[in-house]
Amino acid sequence: MNGRSLAWLAALAGLGLAVLIATSQLLDHRIDAERQAADERALLDLLPPGSYDNHPLAHPIALPASELLGDPAPTQAWLATREGTPIAVLLPATAKGYEGPIHLLLAIRPDGRLLASKVLGHRETAGIGDRIEPARSAWLQIFTGASLAGHPEAEWRVKADKGEFDQIAGATITSRAVVSAIQHALQYFDGHRQILLRSPSP
Amino acid sequence: MSVRHFDLIGLVLLLGATDLLIKGVGIALAGLPVLVVFALVLPILRRHLQDAGYWLGAFLLAALLASLASLLLQAGAFELHRALGPYLYLLVVPCLQLAAMESTDAVDGLYAGLVFTLLALLLGALREALGHASLFTHFDWLLGPVALGWRLQFGADGIPLFALAPGAFILLGTLLALLRHLTNRTADSR
């Protein structure tokens with residue numbers, strides 16, 4: 001490689017770098033806003049639109065790591081309120097899936113019943129275990145309205161284990177993991193009502 | 001010029017990025033302009049750089065274009081960018097294939113981009129239809145709330161094979177065989 005080639009390459013690298021930096025500077029705010037909007041869409045679509053009037057994501061509730069939530073790291077929950085009254089707590093939970101952790105988000109009513117749940121991320125087998133995704137099947141909806149009070153401990157299992165909940169055919173391990181993660185999260189909610197339902201001081 | 005010239009290795013990223021039609025659309029939206037612009041600028045590199053320098057320059061240019069596409073997609077459709085993940089950066093590979101050709105002009109870039117787009121859309125549509133028994137899932141990633149109700153579901157479940165990489169191999173092979181068959185026949189007929 002001669003000097004002229006090197007000069008050309010340096011010019012190309014410099015120009016490329018300049019273009020990239022300029023573009024990312026220009027788009028920085030836009031991308032941040034998009035990321036925030038995407039995160040909000042991903043988290044808040046569990047709640048019926050208009051059912052809350054605060055900005056839950058603006059006041060995360062810090063939670064220490066807990067066995068019941070299945071997450072080895074400290075995590076956070078969010079409280080949705082309407083005119084100051086709590087209507088739901090958004091609580092993350094992690095299930096030990098077949099291929100790895102399944103990250104769930106649960107919306108729990110103040111009375112301890114499950115309002116809605118969704119899968120935030122998973123690595124389950126495409127076409128089988130991925131039926132936990134709302135886009136793939138309605139399976140996760142069988143938990144809507146479920147509560148610890150409504151189902152005694154022995155019922156918090158899949159039907160294959162003589163419990164109350166249907167399993168996904170071919171994905172019993174995935175189903176078991178989700179059932180137990182939801183049960184544990186509800187137990188966690190019961191144990192931590194005070195922190196979770198306390199309206200954040202403005 | 002036939003499909004033969006567009007070597008298969010550049011299509012590998014399609015295996016990872018086409019399990020839903022919207023992801024095929026996304027990778028095509030990024031791939032077409034990247035390939036065209038790359039082919040437009042490439043002659044300048046050819047004129048001034050040789051051998052190792054040429055390859056380094058081509059790589060720099062391809063990486064720059066892929067990064068630009070990634071930034072623009074983040075600003076326009078963040079969820080789609082998230083879904084495509086690392087596959088977007090693999091657009092460097094089909095670019096380097098263009099660089100490997102004896103000589104290139106904008107038409108070659110356009111041709112490569114169009115083959116890439118066609119295959120991305122076909123694979124995306126076929127894999128979503130066969131693998132998930134649905135179409136137009138998550139078009140709101142690109143078009144916003146308007147497209148929320150666009151999703152079509154036919155039948156309860158697809159054939160999982162096609163949602164996975166092995167099914168993508170089978171479909172891509174079939175599509176390429178078909179394309180080759182068609183282009184060869186037109187070349188033979190006089």
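The model is predicted: local features need pLDDT of at least 70 and side-chain atom pairs count only at pLDDT 80 or more, while totals for chains, interfaces and linings use all residues. Residues are numbered from 1 along each chain as its sequence is written, and chains are lettered from A in the order in which they are written. Helices (H or I, at least four residues) and strands (E, at least two) are DSSP runs, numbered from the N terminus.

**Helix α3 of chain B**

- Helix α3 of chain B covers residues 51-76, and its end C-alpha atoms are 38 Å apart.
- Buried residues (20 or more other C-beta atoms within 10 Å of their own; exposed means 12 or fewer, partly exposed in between; C-beta atoms are placed from the backbone) in α3(B) include Gly57(B), Leu61(B), Leu65(B), Ala69(B) and Leu73(B).
- The cover over the buried residues of α3(B) includes α1 (3-44) of chain A, and α2 (21-48), α4 (78-84) and α5 (92-100) of chain B.

**Contacts between the chains**

- Contact (C-beta atoms, placed from the backbone, within 7 Å) links 23 residues of chain B with 21 residues of chain A.
- On the side of chain B that touches chain A, α3, α4 and α8 (160-163) each supply at least two residues.
- The largest share of that side, twelve residues, comes from α3(B).
- By type, that side of chain B has 13 nonpolar, nine polar and one charged residue, where Ala, Val, Leu, Ile, Met, Phe, Trp, Tyr, Cys and Pro count as nonpolar, Asp, Glu, Lys and Arg as charged, and the others, Gly among them, as polar.

**Residues with positive phi**

- Most residues other than glycine have a negative phi.
- Asp51(B), in helix α3 of chain B, has a positive phi of about 50°.
- Asp51(B) counts as exposed because it has 9 C-beta neighbours inside 10 Å.
- His138(B) has a positive phi near 65° and lies in the loop between β1 (134-135) and α7 of chain B.
- His138(B) is buried because 21 other C-beta atoms lie within 10 Å.

**Arg151(B)**

- Arg151(B) sits in the loop between α7 (140-143) and β2 (152-153) of chain B.
- Its 16 C-beta neighbours inside 10 Å make Arg151(B) partly exposed.
- Beyond its neighbours within four places in sequence, Arg151(B) is in contact with Ser134(B), Phe136(B) and Thr137(B).
- Ser134(B) is 17 residues from Arg151(B) in sequence, and their C-alpha atoms are 7.0 Å apart.

Definitions and conventions
Contact = placed C-beta atoms within 7 Å. Expected span 1.5 Å × (residues − 1).
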